[in-house]
Amino acid sequence: MPILNGSNQAIWQAKVPPDVQGKVFAARRMIAWVAGPLAMLVAGPLADRVLTPAMMPDGALAGVFGGLVGVGPGAGMAFLLVISGLLGMVVGLGGYLFRVVREAEDLIPDHDHTPEVRPEPVAS
């Protein structure tokens with residue numbers, strides 16, 4: 001994570017003009033911090049009410065995924081962790097399928113290399 005975060009931060013700092021970096025970075029941080037509590041609000045009920053019953057010995061998912069995470073108490077949460085990890089990996093690797101994500105550093109000009117717009121001289 002430190003390597004990913006450091007690389008990500010370096011790209012943002014190079015691409016976003018310094019006069020708006022505070023606003024942009026605050027918005028990024030807010031979105032990242034909101035995701036954590038929302039995930040916990042969804043994960044708890046999903047594990048307790050859906051996945052735990054489905055991973056009990058006679059549950060709907062026990063026959064398919066029981067060999068991977070086991071069956072019984074705790075297997076629903078284990079299944080949720082495995083699925084979350086796999087989905088995170090798919091999203092991360094999926095970024096390579098989109099050119100704008102894969103080549104963002106090259107496609108987006110650095111804030112200090114943006115061509116300066118000069119006014120046209122007025123003809124007299």
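I began with the second largest pocket and found that H1 and H2 each supply at least two residues of its lining, where helices are DSSP runs (H or I, at least four residues) numbered from the N terminus. The largest share of that lining, 5 residues, comes from H2. For the term itself I noted that, on a 1 Å grid over the protein atoms alone, a pocket is an open set of points where a 1.4 Å probe fits, with protein on both sides within 12 Å along at least five of seven lines, and that lining residues have an atom within 4 Å of a point.

Before going on, I noted that this is a predicted model, in which local features need pLDDT of at least 70 and side-chain atom pairs count only at pLDDT 80 or more, while totals for chains, interfaces and linings use all residues. Residues are numbered from 1 along each chain as its sequence is written, and side-chain values use heavy atoms, with hydrogens and water left out.

The second largest pocket holds about 210 Å³ of space, a volume being the space filled by probe spheres set on the grid points. Among the residues that line this pocket are Trp12, Phe25, Arg28 and Trp33.

I then looked up the largest pocket, which holds about 680 Å³ of space. Its lining has 17 residues, and Asn8, Ile11, Val101, Arg102 and Ala104 lie nearest the centre. Helix H1 (2-15) gives the largest share of this lining, 7 residues, and H4, helix H5 (99-102) and helix H6 (104-107) each supply at least two residues as well.

Next I turned to the largest nonpolar core, which is made up of 7 residues: Ala47, Leu51, Met55, Val69, Ala75, Phe79 and Leu80. Such a core is a set of buried Ala, Val, Leu, Ile, Met, Phe, Trp, Tyr and Cys residues joined through side-chain atoms within 4.5 Å. Helix H2 (21-54) and helix H4 (75-94) are the elements that give two or more residues to this core, and H4 gives the most, with 3 residues.

Last, I checked the aromatic rings and found 1 aromatic pair in the structure. Phe65 and Phe79 form this pair, which is tilted, with 4.5 Å centre to centre and 45° between the planes; ring centres must lie within 6.5 Å, and planes under 30 degrees apart count as stacked, over 60 as edge-to-face and the rest as tilted. Because Phe65 lies in helix H3 (residues 62-69) and Phe79 in helix H4, the pair ties together parts that are 14 residues apart in sequence. Phe79 counts as buried at 8% relative accessibility, whereas Phe65, at 27%, counts as partly exposed; buried means under 20% relative accessible area, exposed over 50%, and partly exposed in between (1.4 Å probe, protein chains only).

How values were computed:
Rings of Phe, Tyr and Trp (its six-membered ring) pair if their centres lie within 6.5 Å; planes under 30 degrees apart count as stacked, over 60 as edge-to-face and the rest as tilted.
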